Protein chains: 2
Amino acid sequence: MERVRFFYDFTSPYTYLASTRVDEIAARTGAEIAWIPVLLGGIMKATGNQPPAMLPARALYMPRDLARWAALYGVPFRMSPHFPINTLGALRAACALAAERPERHRLFADACFRAAWADGRDLGDRAVLTSLAAEEDRAFVSEAMDAPRWKEALKRNTEEAVAAGAFGAPTFVIGDDELFFGNDRLELLAWRLAHGAEAAR
Amino acid sequence: MERVRFFYDFTSPYTYLASTRVDEIAARTGAEIAWIPVLLGGIMKATGNQPPAMLPARALYMPRDLARWAALYGVPFRMSPHFPINTLGALRAACALAAERPERHRLFADACFRAAWADGRDLGDRAVLTSLAAEEDRAFVSEAMDAPRWKEALKRNTEEAVAAGAFGAPTFVIGDDELFFGNDRLELLAWRLAHGAEAAR
């Protein structure tokens with residue numbers, strides 16, 4: 001079974017879109033998709049990349065493009081009033097859940113993506129964030145947000161993504177560095193998983 | 001019947017890939033796709049955009065990404081040894097054919113894309129370029145390459161693309177400014193053409 005690392009940050013609307021499709025791809029191809037929280041800003045800084053909306057013409061285009069993908073996928077979407085979202089606390093909490101309560105990491109991540117990109121909520125707000133955790137995880141999440149241990153974990157994950165060749169999000173990696181960048185590469189990723197590495201070269 | 005403007009420059013490998021798919025999309029959706037030569041460098045300059053490969057991590061990724069799309073599409077591809085290609089003459093000749101011998105514009109454009117991105121030939125070389133034209137167009141193409149009239153036509157096309165919101169290539173536009181950017185948006189374009197503007201919002 002092929003393992004795919006899925007590097008995500010809640011601040012990225014294209015990553016939200018991709019997150020709604022990965023289960024279907026895993027089911028279709030038999031791959032295991034491992035969700036790994038990273039700080040997109042850290043990846044951008046390490047690689048010298050800039051947010052795509054820095055370009056005015058692209059900033060005009062992006063909301064329409066995002067709305068189209070959401071319509072194609074049949075998932076709710078609206079531009080976040082809190083963009084760029086402060087996701088540091090949310091990502092540290094996700095690191096903590098991934099490490100210590102992995103059975104609820106994904107539930108929390110899905111709730112965060114939906115809150116940010118379907119419901120317009122602010123993940124930078126501690127009360128919002130803890131409310132997104134399962135009841136038994138709320139104290140754990142609230143504590144994890146500021147804990148040096150999870151701050152370090154997030155930093156390590158971000159370095160791991162950069163080491164694999166990431167320069168944005170979402171990034172998918174098979175093996176060491178077989179990288180697929182962007183929601184718009186899910187089709188290529190699925191094709192590669194279905195047909196093997198040789199066919200995809 | 002919906003009309004789609006397809007703004008292209010031979011220097012763009014993603015535009016080559018897209019060019020191999022537009023007939024299938026037109027056939028599937030009943031749309032008419034109008035090929036319009038533009039100078040990608042002019043679009044970049046007008047909008048402040050930069051070639052994606054300026055970013056080192058992305059420059060590493062792009063050849064693999066291009067090869068994957070080509071494999072998925074089942075079309076030949078190799079990175080051009082002449083990149084960034086000087087396509088000024090080729091694009092002016094394409095403008096001239098589009099205006100005066102439209103029945104062979106597309107034939108010439110396809111030959112240029114293939115020469116650049118499957119056969120590694122240099123479109124900046126006059127002998128190469130004229131050899132890509134149909135025999136009865138060779139003198140015409142050779143003359144058009146330097147003619148002020150077609151230089152102006154290319155400039156106007158490029159301004160037209162920018163006015164429609166383009167910031168890169170390939171760019172597809174329905175109506176005034178319903179813009180789709182990138183080979184990776186062909187699926188969205190086809191979906192919009194098949195389902196209408198309302199469904200795609």
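**Notebook: strands, a helix pair and one leucine**

I began with the end of the chain A sheet. Strand S3 (residues 171-174) of chain A pairs with S4(A) in the antiparallel sense, over four bridges. I looked for a facing pair and found A:Ile174 opposite A:Glu178 in S4(A). I keep in mind that this is a predicted model.

Next I traced the whole sheet. It is open, has four strands and runs in the order S2-S1-S3-S4 in chain A, with mixed pairing. I asked which strands form the edges. They are strand S2 (32-37) and strand S4 (178-181) of chain A, and each pairs on one side only. I also noted the twist, which averages 25° from one strand to the next.

I then turned to chain B and its strand S1 (residues 3-8). Is S1(B) largely enclosed or open? Five of its six residues are buried, so the rest of the structure largely encloses S1(B). I checked its partners. S1(B) runs parallel to strand S2 (residues 32-37) of chain B, and six bridges join them. In that pairing B:Arg5 stands opposite B:Ala34. With strand S3 (residues 171-174) of chain B, S1(B) pairs in the antiparallel sense over four bridges. There B:Val4 faces B:Ile174.

The axes of helix H3 (residues 40-47) and helix H9 (residues 148-163) of chain A come within 9 Å and cross at roughly 45°. From H3(A) they are A:Gly42, A:Ile43, A:Ala46 and A:Thr47, and from H9(A) A:Thr158, A:Ala161 and A:Val162.

My last entry is A:Leu132, which sits in helix H7 (residues 126-132) of chain A. Why does A:Leu132 count as buried? A:Leu132 has 24 C-beta neighbours inside 10 Å, and the cut-off for buried is 20 or more. I looked up its contacts, leaving out residues up to four places away in sequence: A:Leu132 touches A:Phe108, A:Ala111, A:Cys112 and A:Ala115. I also checked A:Ala118. A:Leu132 and A:Ala118 are 14 residues apart in sequence, and their C-alpha atoms are 14 Å apart in space.

Definitions and conventions. Residues numbered from 1 in each chain as written. Chains lettered and ligands numbered in written order. Predicted model: local features only at pLDDT ≥ 70, side-chain atom pairs only at ≥ 80, totals over all residues. Buried ≥ 20, exposed ≤ 12 C-beta atoms within 10 Å, placed from the backbone. Helix = DSSP H or I, 4+ residues; strand = E, 2+ residues; numbered from the N terminus. Pairing = 2+ DSSP bridges. Axes fitted to C-alpha atoms, helices over the stretch in contact; angles between N-to-C directions. Contact = placed C-beta atoms within 7 Å.
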